Structures are given as C-alpha cells and as structure tokens.
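Reader: I'm new to this one. Can you walk me through it?

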Amino acid sequence: MHIKIDEPDSWDISYDDNSGWKGVRLLYMAGLYNIWQDNDCIMYSYSIITMDSNSTLDWLHHRMPAILNTEMQIEMLLVQYNLTTQMA
C-alpha cells in the first residue's frame with residue numbers, strides 16, 4: 001500500500017504505548033528565522049541551512065536542506081545557537 005499525502009485514508013494513524021505514533025510526521029529542516037523592524041516596516045526572513053547532497057539527490061542538485069531526523073539533532077542545533085524551544 002502506498003501512502004499519499006493528499007489522501008488521508010492512506011495514512012496509518014495508529015498509536016500504541018510500545019511503538020508510539022505511526023502516522024505522518026513533520027519534516028524538520030535546519031534554518032534561521034529573524035524579524036527586523038525599521039519604523040513602520042517589518043521584515044520577516046527565513047533561510048534554510050543546506051549541506052552537500054547525498055547520493056539520492058546529487059543527480060538533481062549539489063546542495064540539499066539539512067534535515068533533522070531526531071530530537072537529539074534538533075536539540076544540538078538549538079544549543080549551538082543558545083536558543084530555547086520557545087525562541088525557536
């Protein structure tokens with residue numbers, strides 16, 4: 001069975017205490033976000049941090065987003081920039 005993002009009936013939305021959530025998961029990408037204000041002008045900016053492409057995507061482009069797969073990777077990024085989860 002194939003999972004299609006635009007067909008919720010194809011999603012596995014089960015949960016159990018041993019395995020946890022089995023449904024669709026968020027994709028976490030490393031990035032920088034900033035709000036800059038000058039008088040009445042507010043500018044929101046976001047940059048995605050990239051890295052060398054892996055062997056799966058190098059045919060398409062030499063760079064790819066830095067994907068954070070684990071809670072530890074997310075925590076390491078926040079600690080590196082001295083951020084709390086609320087600030088992020």
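Author: Let's start with a term. Two residues are in contact when they have heavy atoms within 4.5 Å. One more note: this is a predicted model.

Reader: Good. Which residues is Ser53 in contact with, leaving aside its neighbours within four places in sequence?
Author: Asp58, His61, His62, Arg63 and Met64.

Reader: Where is the place of Ser53?
Author: In the loop between strand S6 (50-52) and strand S7 (63-65).

Reader: Buried or exposed?
Author: Ser53 counts as buried, because its relative accessibility is 16%. The cut-off for buried is under 20%.

Reader: Let's zoom out. How many helices and strands are in the chain?
Author: One helix and eight strands. Read along the sequence, the pattern is β-β-β-β-β-β-β-β-α.

Reader: What share of the chain is buried?
Author: Buried residues are 12% of the 88 residues.

Reader: And the accessible surface of the chain?
Author: About 8100 Å². Carbon and sulfur atoms hold 57% of that surface.

Reader: What about contacts between residues 24 or more positions apart?
Author: Such pairs account for 16% of the chain's contacts with a separation of 6 or more.

Reader: What is the mean pLDDT of the chain?
Author: The mean is 83. Of the residues, 90% reach 70 or more.

Reader: Which elements have the lowest and the highest mean pLDDT?
Author: Strand S2 (residues 20-21) has the lowest, at 78. Strand S5 (residues 41-48) has the highest, at 94.

Reader: Back to single residues. Where does Ala66 sit?
Author: Ala66 is in the loop between S7 and S8. Its relative accessible area is 12%, so Ala66 is buried.

Reader: What does Ala66 touch, not counting residues up to four places away in sequence?
Author: Tyr28, Met29, Ala30, Ile49, Thr50 and Met51.

Reader: What separates the C-alpha atoms of Ala66 and Ser53?
Author: 9.3 Å. Along the chain, Ala66 and Ser53 are 13 residues apart.

Reader: Next, Lys22. Where does Lys22 lie?
Author: In the loop between S2 and strand S3 (28-29). Lys22 is partly exposed, because its relative accessible area is 39%.

Reader: Which residues is Lys22 in contact with, neighbours within four places left aside?
Author: Asp12, Ser14 and Asp16. The C-alpha atoms of Lys22 and Asp12 are separated by 6.1 Å. Those two residues are ten apart along the chain.

Reader: And Asn39? What is its phi?
Author: Near 55 degrees, a positive value in a residue other than glycine.

Reader: Why point that out?
Author: Most residues other than glycine have a negative phi.

Reader: Where is Asn39, then?
Author: In the loop between strand S4 (31-38) and S5. At 65% relative accessibility, Asn39 counts as exposed.

Reader: Which elements give two or more residues to its lining?
Author: Strand S8 (67-68) and helix H1 (71-80).

Reader: Which residues line the second largest pocket?
Author: Arg25, Leu26, Leu27, Tyr28, Ile67, Leu68, Asn69, Thr70, Glu71 and Ile74.

Reader: How does the lining of the second largest pocket split by class?
Author: Six residues are nonpolar, two are polar and two are charged.

Definitions and conventions. Residues are numbered from 1 along each chain as its sequence is written. This is a predicted model: local features need pLDDT of at least 70, side-chain atom pairs count only at pLDDT 80 or more; totals for chains, interfaces and linings use all residues. Side-chain values use heavy atoms; hydrogens and water are left out. On a 1 Å grid over the protein atoms alone, a cavity is a set of points where a 1.4 Å probe fits but cannot get out, and a pocket is an open set with protein on both sides within 12 Å along at least five of seven lines; lining residues have an atom within 4 Å of a point. Helices (H or I, at least four residues) and strands (E, at least two) are DSSP runs, numbered from the N terminus. Ala, Val, Leu, Ile, Met, Phe, Trp, Tyr, Cys and Pro count as nonpolar, Asp, Glu, Lys and Arg as charged, and the others, Gly among them, as polar. Buried means under 20% relative accessible area, exposed over 50%, partly exposed in between (1.4 Å probe, protein chains only). Accessible areas come from the Shrake-Rupley method with a 1.4 Å probe; for residues, only the protein chains shown count as cover. pLDDT is the predictor's confidence in each residue, from 0 to 100.
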